[in-house]
Amino acid sequence: MPSNVSLRSLLNQNKLVVAPGAFNALSARLVEHCGFEAVCITGYGVAATAFGLPDLGLITLTETVESVQRIVDAVTIPVLADADTGYGDAGNVTRTVRKLETAGVSGLFIEDRAVPRTLTSQGEPLVSIEEMTIKIQAAIQARQSSELVLIARTDGRVFGELSEAIERAHAYVESGADAIFVEHPESVEELREIRRQIKAPLLLNVCEGYKTPFLSIQEVEELGYDLVIYPLSALLHSTARMMELLKTLRSTGTTMSLTSEMTEDELNELIHWDRSMAVYEPYYRDKRW
């Protein structure tokens, strides 16, 4: 159910928008339940949880849209989607934007990595600036509503110096991107330089294990960024807890030593058990069955 509040309207409030990462409908609902104003769908998380695969461009647009649709239907806050490379050239980007917008996302980001996600025919890991600007322009033309936020991600810092990433960012802003996502800045000083150089809304990716400093919301806000995502935090922590439980069950034959931090009633509240059961009330007077 698309939100009545768009991601663009949140960004226009001139305060930091925090969008934790979700990988399925339940995790997205938890993000909303905990009071966040937006949620980010992580491509890594969808690939890992829905398919047990790495985030190497193995998931198709159709599979992504199916996952996105489930998440959008589960929450009322704006959803930001990882659109990978746009799944191909400018023609593919056009279709990607239309499909994701129809699914109800409030924003999406497209990266300048090569397709497939290895090297271009010239042996480069990134597409040229010219090719990426064509893809950005195709995305702009494809969207049906100006409310849809189109974010251009550059991996220029992943494979080169910060100066290359900033050069690419300038070109993407000039091409009409609504915001910029520079991946893998390696220090707070680099984050400040990006903010100083780029006169457009900025997204920061805060991720465990990255070279980018692992900053708090307050620290990101002080740097002057507009949108921050924590794409893997929920996935890593929940997977670790599940692994702990299963290892304990395997080694001891019981999980009694582990204390559950959520009751079934609390989970039922999250998945709207009572609301759904109301439909069946005429048939099942006893909601416990």
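Helix α11 supplies nine residues to the lining of the largest pocket, the largest share of that lining. The structure is a predicted model. The lining of the largest pocket comprises 18 nonpolar, nine polar and three charged residues.

The space in the largest pocket amounts to about 1100 Å³. The pocket is lined by 30 residues, of which Leu30, His237, Ser238, Arg241 and Met262 are the closest to its centre.

Within α2, the residues Ser27, Ala28, Arg29 and Val31 are buried. The buried residues of this helix pack against β1, β2 (39-41), α4 (61-74) and α12. The N-terminal end of α2 is capped by Asn24, with a side-chain oxygen 3.3 Å from the backbone nitrogen of Leu26. Just after the helix, Gly35 adopts a positive phi of about 95°.

The second largest pocket holds about 350 Å³ of space. A total of 24 residues line this pocket, and Tyr44, Asp55, Arg153, Glu183 and Tyr210 are the closest to its centre. Two or more residues of the lining are given by each of α3 (43-51) and β4 (107-111). By class, the lining of the second largest pocket contains eleven nonpolar, four polar and nine charged residues.

Conventions. Residues are numbered from 1 along each chain as its sequence is written. This is a predicted model: local features need pLDDT of at least 70, side-chain atom pairs count only at pLDDT 80 or more; totals for chains, interfaces and linings use all residues. Side-chain values use heavy atoms; hydrogens and water are left out. On a 1 Å grid over the protein atoms alone, a cavity is a set of points where a 1.4 Å probe fits but cannot get out, and a pocket is an open set with protein on both sides within 12 Å along at least five of seven lines; lining residues have an atom within 4 Å of a point. Grid points are joined across faces, edges and corners, and a volume is the space filled by probe spheres set on the points. Helices (H or I, at least four residues) and strands (E, at least two) are DSSP runs, numbered from the N terminus. Ala, Val, Leu, Ile, Met, Phe, Trp, Tyr, Cys and Pro count as nonpolar, Asp, Glu, Lys and Arg as charged, and the others, Gly among them, as polar. Buried means under 20% relative accessible area, exposed over 50%, partly exposed in between (1.4 Å probe, protein chains only). Contact means heavy atoms within 4.5 Å. A polar contact is a pair of N or O atoms within 3.5 Å; within protein, one must be able to donate a hydrogen and the other to accept it, and residues adjacent in sequence count only if both atoms are side-chain atoms.
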